[in-house]
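This report describes selected local features of one protein model. Please keep the sequence and the structure in view while reading.

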Amino acid sequence: MNKDELHKGYDVTDLTSLEKLEPVRVRPGMYIGSTGTKGLHHCIWEILDNAIDEITNGYGDKATIILNKDKSVTVIDNGRGIPTGIHPIKKKSGVEMVFTELHTGGKFNNKNYKTSGGLHGVGAAVVNALSKWLEVEVYQDGKVFRQRFEQAYDKELKRVMPGTPVTKLEVIGKTDKTGSKITFMPDKEVFSTTEFKFDMIDERLQELAFQNKGIRLEFIDDRKEEEFKKEYFSERGLLDFIEYLNESKTPIHPEPILFEGERSVSNIDMYGEVCLQFTDSTTEYIASYVNNIPTTEAGTHETGFKTGMTRAFKEWGKKLGIIKEKDKEFEGDDLREGMTAIIKIKLTNPVFEGQTKTKLGNNEAYTMMNDLAYTKFGEWIEDHKDIATAIINNAMDAAARKDKIKKINEAEKKKIGKGTSPLAGKVAVCTLKDNTVNEFIVVEGDSAGGSAKQARDRRFQTIMPSKGKIMNTEKQKLENVIASEELKIFNTAVGTGTLDNYKEEDLKYDKIIIMSDADVDGYHIRTLWMTYIYRYMRPLIQNGHLYMAQPPLYKVYKIVKGKEEYAYAYSDAELEECKKKIGKNALIQRFKGLGEMNPEQLWDTTLNPETRTLYQVNIEDAAKAEKMVSLLMGDVVEPRKNYLYKYAEF
C-alpha cells in the first residue's frame, strides 16, 4: 500500500471521541496502575484516601472498610459528607458531579483541604467507571441521601456508558450522623481478579493508623460465616511504626530519633515528620509518604532528607574529631547502613510523577526536608554525642569496606578479561542475544540442572544449576556476600550489578526464574534467593523481572491403546480434579523433587512458556516486604516463632 492509498479518505469522521467516563474504561492502567490485584485494591485506596483526607483536615475521626458477602466493598467515614447541593452552573448535585466527572472535587483550592491524598478529584469517578455498580449514601443536615450508578444506556450518546446515574439523589430518611458510605462492585470485565486480599488491606490500615495517630480505622470482613472485625489505632504514631518495622532487628540505640517541623517554600506550606532508628542490620530501609500516600519510588522529599542528614553528620564528624583531614569521607549510603526510617510529609498541591503517585516531584519538598533534616540532626547530635559517634564510626567502617569490595570487583573483572570467567562450565547460556525475551533460570540441584539443560529451549533459556542453599544474605556482611562464588556467577550472568551499581540497561534477560522443589527445603531456597535479590538487586522485583516456577506435585496418567493420557496436579485439590479427568484405572506418580523428572516432564511442567505456571514476584507493599524479609531471615527468634505459629498452615 503506497502513501496515497494509506491516507485516502481520512477525514474528521474517522476520529473517535470518548465521552464522560469512557476514557477510564479504555485505559484503566493510566488511572489505577494495573487491572490486576494491585489495581483492584487501588480502588479501595482511592475511596479510603478521601475519607482519611476528611479526618486529617479536622472533620471526623473514624473510617471503616467492609468486604461484603456479594464481593462488593463498602467504605464509611464520619466526616462532613459529600456536598449534596445543586451546582449553580452544572445544575447537578455535588454527589453526581464527584462520581461522574473527572477532576471534580474540593481539593483544587486550599479552602476545604490543606492537604489531600486522593487523586485530585478523579478517584471517586474512576472507581465508579470501573465498577459494575456503585451506591452512595450521604449523611448530612439531618437527612440520609442516596444515589445509585450503573453501566446503563445513555439516550443522548446512544450507547451503554459506565458509571451512569440510574436514580436521582434522593432523601430516604433522617439521621443524626454525618459522613459518607460508598459501596461498589468491581467489574469482572475490567479486572483479572475481583478477589480482595485480607493481608493487603490489613497492612495498609495498620500503616495509615501509624501515620495518623489518634484516628480510628476499622476493617470488617463479612465474606465468611464468622464475621471478622479489627480496629486500628496508634497513640504514639511513628514511634509505634518504627517499633513495628524493627520488631525482628536489634536497635543500637533504644530511643528512636523523632523530629518534626513546618516550613513555607515558594508559598507552599509544608509539614514534615521523621522517625528513624539505627539497627545491627547491614542494609537501610526507608518508608516515605506524602499526604498519607506511600511514595515507593521516593522523590524530592526523600532526597532532601538524605542530603540534609549526610551534611549534618559529616560536619559533626569533623567537630568531634572522628573525621581527620587525611581521612576519606563517608558517603550518604555508608551513613545509612542499618538505618530504618519513616519520612512523612504533608503539603498543598503535591506534584507526583506518574498517575498512581509513587514519586514526589516538588523541588520545594527537597528544600524543606534538606533544611529540616540538617537542623534537627544537628540539634540531636549535640545532645547525643556518644550515639552519634558510634553511627559516624560505623559509616567510616562501611566506607572502608566499600573500597575493599571495589578492589575485589576489579580483580574479578581482570580475571574475566583474561578468559577465566566465572560462568565457564557453570551456566548453559542461550544462543539469542535478545534481552526482551531471554530467560535466566536458576535450578535447584545438579541432577535437575542437568535435566533442565537437556529440556530447555536453548535459543532463549539459560540454565544455572544451583548446588542448594545460598548463604542467608540477611545475616551476612557485604564483603562476604560479594565474595560468594555462587552469587558471583549469578551476578555476572544477569549483568546488572548490585546495590548502587545496578544498571537496568545492562540486564541480559527479561525473566529471572527461580526453580526449586515443591517442599520445605525448596521454599527455603526460594526465600534465600528472594532475600538476596530484594536486598541487592531490588529493581529486578520492582520492574517485574523476578518469577518463581511452580513444579507439579503429581502426574496422573493411564495408557489407552498404546497412548499415554496424563495431567499434572500442583496441589492435593488439583489431584482430585486430575483423577476425574483421566478417569478409571488412573495411576499416580508423586514427584519428590525436580531431580525425579525426566527432561520431557521438566519441559512440559516448568520450562514450556505455553504450559508452565510462573508466579511473578511483586513488591505490593514495601514496608510489608521489608518486615517479612527481616522477620523470616533475621536473628530475633520470638517474632518469627509467632509468625510461623500464626501461619502454620502456609
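## Basis of the description

Two strands pair if DSSP finds at least two bridges between them. Helices (H or I, at least four residues) and strands (E, at least two) are DSSP runs, numbered from the N terminus.

The model is predicted, so local features need pLDDT of at least 70 and side-chain atom pairs count only at pLDDT 80 or more, while totals for chains, interfaces and linings use all residues. Residues are numbered from 1 along each chain as its sequence is written, and side-chain values use heavy atoms, with hydrogens and water left out.

## Strand S14 and its partners

Strand S12 (residues 285-290) runs parallel to S14, and six bridges join the two. Within this pairing, Ala287 stands opposite Ile342 of S14. Strand S11 (residues 268-278) also pairs with S14, here in the antiparallel sense and over nine bridges. Gly272 has Ile345 of S14 as its bridge partner.

S14 itself spans residues 339-347 and is mostly covered, nine of its nine residues being buried. Buried means under 20% relative accessible area, exposed over 50%, and partly exposed in between (1.4 Å probe, protein chains only). The cover extends to both faces of S14. One side carries Met339, Ala341, Ile343, Ile345 and Leu347, and the other carries Thr340, Ile342, Lys344 and Lys346; all of these are buried.

## Packing of helices H13 and H19

Helix H13 (residues 446-455) packs against helix H19 (residues 599-607) at an angle of about 80°, and their axes are 8 Å apart. Axes are lines fitted to C-alpha atoms, for helices over the stretch in contact, and angles run from 0 to 180 degrees between N-to-C directions. H13 and H19 are therefore roughly perpendicular to each other, a term that covers angles of 65 to 115 degrees.

By class, the contact of H13 with H19 has seven nonpolar, two polar and no charged residues. Ala, Val, Leu, Ile, Met, Phe, Trp, Tyr, Cys and Pro count as nonpolar, Asp, Glu, Lys and Arg as charged, and the others, Gly among them, as polar. In H13, Ala448, Ser451, Ala452, Gln454 and Ala455 meet Pro599, Leu602, Trp603 and Leu607 of H19; contact means heavy atoms within 4.5 Å.

## Loop residues with positive phi

Lys561 is not a glycine, yet its phi is positive, at about 55°. This residue lies in the loop between strand S19 (554-560) and strand S20 (563-569). Lys561 counts as exposed, at 86% relative accessibility.

Asn585, likewise not a glycine, has a positive phi of about 60°. The loop that holds Asn585 lies between helix H18 (572-582) and strand S21 (587-590). With a relative accessible area of 70%, Asn585 is exposed.

Terms used: Parallel < 35°, antiparallel > 145°, perpendicular 65-115°, else oblique.
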